[in-house]
Amino acid sequence: MGEITKDTVNSMEEYINKIQGVLSSRVVVENGEITEIHVLADSTRNAKQIARDVQSVIMAQFGIDINHKIVSVAQIDTGENLQGEQRLVFSSYSFINNGLTSEARVILTRGDEVFEGYAEGPNTANNKYKIIANATLDSISKLIPKNHLFLLEDVDIFNIAKSRIIVVGVTHVTNNQEELLTGSCLIKKDEGEAVVKATLDAVNRRVMSITPR
């Protein structure tokens with residue numbers, strides 16, 4: 001293929017956006033070569049599968065063989081159930097500023113079950129999201145077995161494809177083993193709600209595997 005023009009990039013993004021689970025994409029070209037492909041997708045498919053599909057689409061439609069490693073996939077919770085499984089669902093949250101401290105309450109549901117969590121901490125701008133995430137994990141703790149523990153590692157905001165996304169990192173601890181789980185959620189209106197949903201996105205699959213349904 002010849003020079004990769006702006007029109008070619010737009011066409012690539014249009015094809016990528018047709019892939020199942022993809023919400024938006026951005027193709028980065030430097031010195032006539034594709035160096036990065038950023039994809040925003042929902043959580044209904046595995047990120048590696050999406051990256052492979054992107055590689056296949058670019059090869060089939062444009063004759064360009066890219067390395068799947070240049071494809072980064074950020075996944076957000078759009079509220080869709082994975083393969084019909086019953087997941088924890090966001091119901092509501094509240095955040096109260098008490099001066100030097102703040103507190104959050106989060107209510108989650110799973111079918112007819114209701115789980116409420118609480119967390120508090122120092123009242124700082126950077127700590128607000130962590131308090132909400134910890135309240136979410138406290139709610140989840142009412143459901144999971146006692147030999148499993150979810151610990152919040154970090155909460156951050158990233159910009160991708162002209163959108164702001166909350167990303168949450170949670171460590172799952174059990175039987176002297178640890179695994180890092182990550183989740184994300186597109187910020188639409190309420191940042192606090194996005195924090196709760198990103199936390200759920202990180203742990204929901206693991207929760208479903210360790211709790212009776």
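Two strands are said to pair if DSSP finds at least two bridges between them. Strands here are DSSP runs (E, at least two residues), as are helices (H or I, at least four), and both are numbered from the N terminus.

Good morning, colleagues. The model before you is predicted, so local features need pLDDT of at least 70 and side-chain atom pairs count only at pLDDT 80 or more, while totals for chains, interfaces and linings use all residues. Residues are numbered from 1 along each chain as its sequence is written, and side-chain values use heavy atoms, with hydrogens and water left out.

I begin with the sheet β4-β5-β6, an open sheet of three strands with antiparallel pairing. Its edges are β4 (89-97) and β6, each with a single partner strand, so one side of each has no neighbour in the sheet. On average, and ignoring direction, neighbouring strands are turned by 15 degrees against each other. Strand β5 (residues 101-110) pairs with β6 over 10 bridges in the antiparallel sense; for example, Val-106 has Gly-117 in β6 as its bridge partner.

Which helices pack on this sheet? Helix α3 (residues 128-141) touches β4, β5 and β6, and its direction makes about 145 degrees with that of β6. Helix α4 (residues 191-210) touches β4 and β5, at about 130 degrees to β4. Contact means heavy atoms within 4.5 Å; axes are lines fitted to C-alpha atoms, for helices over the stretch in contact, and angles run from 0 to 180 degrees between N-to-C directions.

Within strand β6 (residues 113-122) lies Gly-121. Is Gly-121 buried or exposed? Gly-121 is buried, with a relative accessible area of 10%; buried means under 20%, exposed over 50%, and partly exposed in between, using a 1.4 Å probe and protein chains only. Leaving aside residues up to four places away in sequence, Gly-121 touches Leu-100, Thr-101, Ser-102, Asn-127 and Ile-131. Between the C-alpha atoms of Gly-121 and Gly-63, 58 residues apart along the chain, the separation is 54 Å.

I turn to the other sheet. Its three strands form an open sheet in the order β1-β2-β3, with mixed pairing. Helix α1 (residues 6-17) lies across β1 and β2, running at about 150 degrees to β1.

Finally, His-172 belongs to strand β8 (residues 163-174) and is buried, at 4% relative accessible area. Its side chain and that of His-148 are joined by a polar contact of 2.8 Å. Such a contact is a pair of N or O atoms within 3.5 Å; within protein, one must be able to donate a hydrogen and the other to accept it, and residues adjacent in sequence count only if both atoms are side-chain atoms.
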